[in-house]
Amino acid sequence: MTPASAGRRGEVLAALRGSRIPLSINDIAEQLGVHTNTVRFHLEALVSTGQAERVDLPSTGPGRPPQAFRAHRGMDPAGPRNYRLLAEILVAQLADDPNPADRAREAGRAWGRHLSAPEVSSREEAVDGLIRLLDDLGFAPEPASEDRIHLRHCPFLDLIDNRTAIVCPIHLGLMQGALERRSAPITVDHLAPFAEPDLCLAHLAPAPTGPAT
């Protein structure tokens, strides 16, 4: 999007927000002094991003009533996000715990247990399911051997420099919890962060037979 189009789109959105009633394309075009096709183009974009919505007006005579639009009621769904700040806040909170690594692993494990998945009956099903999960979460996993999975990417890479002792246990616990959820015959008993510059290693082992720790 060019600066000019971004500015015009902002003007269309401002017109909708400044009106107490829904506006037609002609209303907005007249208010801004632009062509109706220009308004229509920007309205379609605003609707697609959830910033504006179409409104059905009551018919006042024969024929189809003109389309009307209003600004989305609520916070701007296309506004900026800062999930990294949220992650930093939560990780910092875990770091203040007396046993930060254990607390982080348990937090990851609890989340992993919430991930809905069917039970598995074999080691192969468990490994395949874990690899699919890790792929969905952005770890870029690769099966390496019977007892190891390569992780080629860290979804929390921006936080790793200062928080390896928190982030990596979260990932370990998440894998453990997900396998427990599926009653898998295996677990991840160890995660080796950055065994190589572009590689972390998840080590697989038989699942413990006693209560989870």
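Visitor: Where does Ser48 sit?
Guide: Ser48 is in helix H3, residues 36-48. Helices here are DSSP runs of H or I, at least four residues, and strands are runs of E, at least two, numbered from the N terminus. This is a predicted model: local features need pLDDT of at least 70, side-chain atom pairs count only at pLDDT 80 or more, and totals for chains, interfaces and linings use all residues. Residues are numbered from 1 along each chain as its sequence is written, and side-chain values use heavy atoms, with hydrogens and water left out.

Visitor: Is Ser48 buried or exposed?
Guide: Exposed: the relative accessible area of Ser48 is 62%. Exposed means over 50%, buried under 20%, partly exposed in between, with a 1.4 Å probe and protein chains only.

Visitor: Switching topic. Which residues does the "domain: HTH iclR-type" annotation cover?
Guide: Residues 11-55, according to an unreviewed UniProt entry. Such annotations may be inferred rather than shown by experiment; positions follow the numbering used here, and feature names are shortened.

Visitor: And how much helix and strand is in residues 11-55?
Guide: That stretch is 62% helix and 13% strand. Its end C-alpha atoms are 19 Å apart.

Visitor: What lines the largest cavity?
Guide: Among the lining residues are Phe139, His153, Cys168, His171 and Phe194. Helix H7 (157-181) and strand S6 (186-196) each give two or more residues to that lining. A cavity is a set of points on a 1 Å grid over the protein atoms alone where a 1.4 Å probe fits but cannot get out; lining residues have an atom within 4 Å of a point.

How values were computed. 1 Å grid on protein atoms, 1.4 Å probe; cavity = no way out; pocket = protein on both sides within 12 Å on 5 of 7 lines; lining within 4 Å.
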